[in-house]
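Q: Hey, can you walk me through this one? I'd like to start with charged pairs and then look at a residue inside a helix.

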Amino acid sequence: MSFRDDNEEAANLRKPFLHTGSWYKMGSRQSSIMSSSAQMLRDGSVSVVFCVLVVALGPIQFGFTCGYSSPTQAEIISDLKLTISEFSVFGSLANVGAMVGAIASGQIAEYIGRKGSLMIAAVPNIIGWLIISFSKDSSFLFMGRLLEGFGVGVISYTVPVYIAEIAPQNMRGSLGSVNQLSVTIGIMLAYLLGLFVNWRVLAVLGVLPCTLLIPGLFFIPESPRWLAKMGMTEDFESSLQVLRGFDTDISIEVNEIKRSVASSSRRTAIRFAELKRKRYWFPLMIGIGLLVLQQLSGINGVLFYSSNIFANAGISSSNVATFGLGVVQVVATGVNTWLMDKAGRRLLLLISSSGMAASFFLVSVAFFLEGFVSEDSRFYSILGILSLVGLVTVVISFSLGVGAIPWVIMSEILPVNIKSLAGSVATLANWLVSWIVTMTANFLLDWSNGGTFLIYGIVCAFTVAFVSLWVPETKGRSLEEIQFSFR
């Protein structure tokens with residue numbers, strides 16, 4: 001039975017939610033009549049980069065959601081008469097919505113495609129920001145945060161998977177890290193715009209990334225691997241051809257994907273007992289472990305409440321310092337994007353988590369010593385600067401590896417036949433821990449700044465051990481090779 005026949009039933013049941021225009025099916029003989037911009041789109045690398053830039057609007061939305069609470073905390077509490085506890089609930093509800101989105105994300109992406117998932121994610125994001133903007137009390141504020149959280153949960157799974165499935169193996173790491181780079185750009189924009197506009201206007205501006213994403217999705221092809229799994233052979237080959245360039249021979253890659261999909265489609269349902277097999281439990285453990293440790297490092301606690309942390313450290317212009325932190329994060333993540341396919345995932349993770357552990361311990365010591373020093377003394381000011389340097393180093397270290405690489409590895413190592421379910425579980429675990437960290441960060445910081453950062457430092461030290469013992473290197477290997485290595 002042919003590859004196409006094997007998947008005919010799936011193709012009839014599940015169709016792409018968004019069909020790309022016919023431009024990418026044009027043959028190379030028609031290039032003379034195409035405009036220069038269309039010719040650029042037909043070049044393999046430019047086409048992949050263009051697709052990544054379009055879907056990167058989703059992670060920018062993700063980052064804007066993460067960064068929104070930091071510059072707006074004082075204003076929202078004052079205008080709506082909220083308590084610290086209520087604002088902590090507001091900050092953490094994005095994570096609750098994201099958990100629901102994470103649960104649904106795998107099945108949505110599986111049944112209607114990666115592009116359709118992003119379209120669905122964009123709508124509640126837009127509605128959520130508008131509800132926040134016009135909120136008169138905490139109930140509407142909470143409702144808007146839940147809606148945008150749901151959209152972010154779907155985005156956080158779908159974008160790294162889409163990028164991994166369209167990228168050539170020699171660019172997959174760098175392009176995959178664009179996901180985290182876009183998140184940091186979104187955070188930085190929230191910090192920057194928060195310096196100049198009030199919280200309601202800032203919420204309206206939060207609508208823009210998804211408003212641009214929706215039309216952009218009509219100009220990029222669907223994931224060729226998803227199309228192949230659905231049995232849409234002609235669309236699969238057309239999509240892959242435009243992503244690699246019309247002058248590129250894709251026959252080897254086509255055959256690899258067909259073999260991988262044919263192997264996984266022999267048994268579409270995986271029994272729970274079969275998860276005991278190493279080919280399933282080992283990559284699932286690595287994916288969940290990395291995404292959970294990423295959040296347990298406390299980075300969201302630092303980013304969400306950075307203005308308050310800097311104020312407690314004795315820095316008067318705390319919002320400006322927070323924006324500076326956002327700029328540093330963007331630059332460091334940009335360096336990670338450049339290094340990903342050169343240094344490799346594993347080495348960067350080890351350097352990143354080691355740097356975070358050392359930096360958190362430094363910040364912890366600085367805050368502990370502040371309790372024994374007069375606020376008028378020069379040494380107190382030095383300790384404030386030391387805290388700032390330590391937190392900046394935490395963000396730099398995080399951005400060099402722990403920020404981007406867990407999402408890249410998760411999208412690379414999960415077997416095709418459990419990717420939708422396992423990816424949803426891993427994303428759910430990430431958002432669950434993120435919610436716990438966000439919900440507890442304010443209370444922990446009220447308890448003890450030094451003690452809080454000591455806890456985060458211990459988690460980062462454990463991450464070093466986890467990566468050393470269990471995380472494989474995936475640089476320079478095709479998705480099919482990576483997944484076969486676990487068998």
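Predicted model: local features only at pLDDT ≥ 70, side-chain atom pairs only at ≥ 80, totals over all residues.

Q: Which residue does Arg 244 form a salt bridge with?
A: Glu 253. The closest N and O atoms of the two are 2.9 Å apart.

Q: And how many salt bridges are there in the whole structure?
A: A search turns up nine.

Q: OK, what about Asp 341 and Arg 345, buried or exposed?
A: Asp 341 has 18% relative accessibility, so it counts as buried. Arg 345 is buried too, with a relative accessible area of 0%. Their side chains meet in a salt bridge, at 2.9 Å from N to O. Salt bridges with shared partners also join Arg 172, Asp 341, Arg 345 and Glu 412 into one network.

Q: Switching topic: which helix is Thr 427 found in?
A: Helix H21, which covers residues 419-447.

Q: Why does Thr 427 count as buried?
A: Because its relative accessible area is 0%, and the cut-off for buried is under 20%.

Q: So what does Thr 427 touch?
A: Leaving out residues up to four places away in sequence, Thr 427 touches Ala 102, Gly 153, Ser 156, Tyr 157, Leu 291, Trp 407 and Met 410.

Terms used: Residues numbered from 1 in each chain as written. Heavy atoms only, no water. Helix = DSSP H or I, 4+ residues; strand = E, 2+ residues; numbered from the N terminus. Buried < 20%, exposed > 50% of the residue type's maximum accessible area, 1.4 Å probe, protein only. Contact = heavy atoms within 4.5 Å. Salt bridge = Lys/Arg side-chain N within 4 Å of Asp/Glu carboxyl O.
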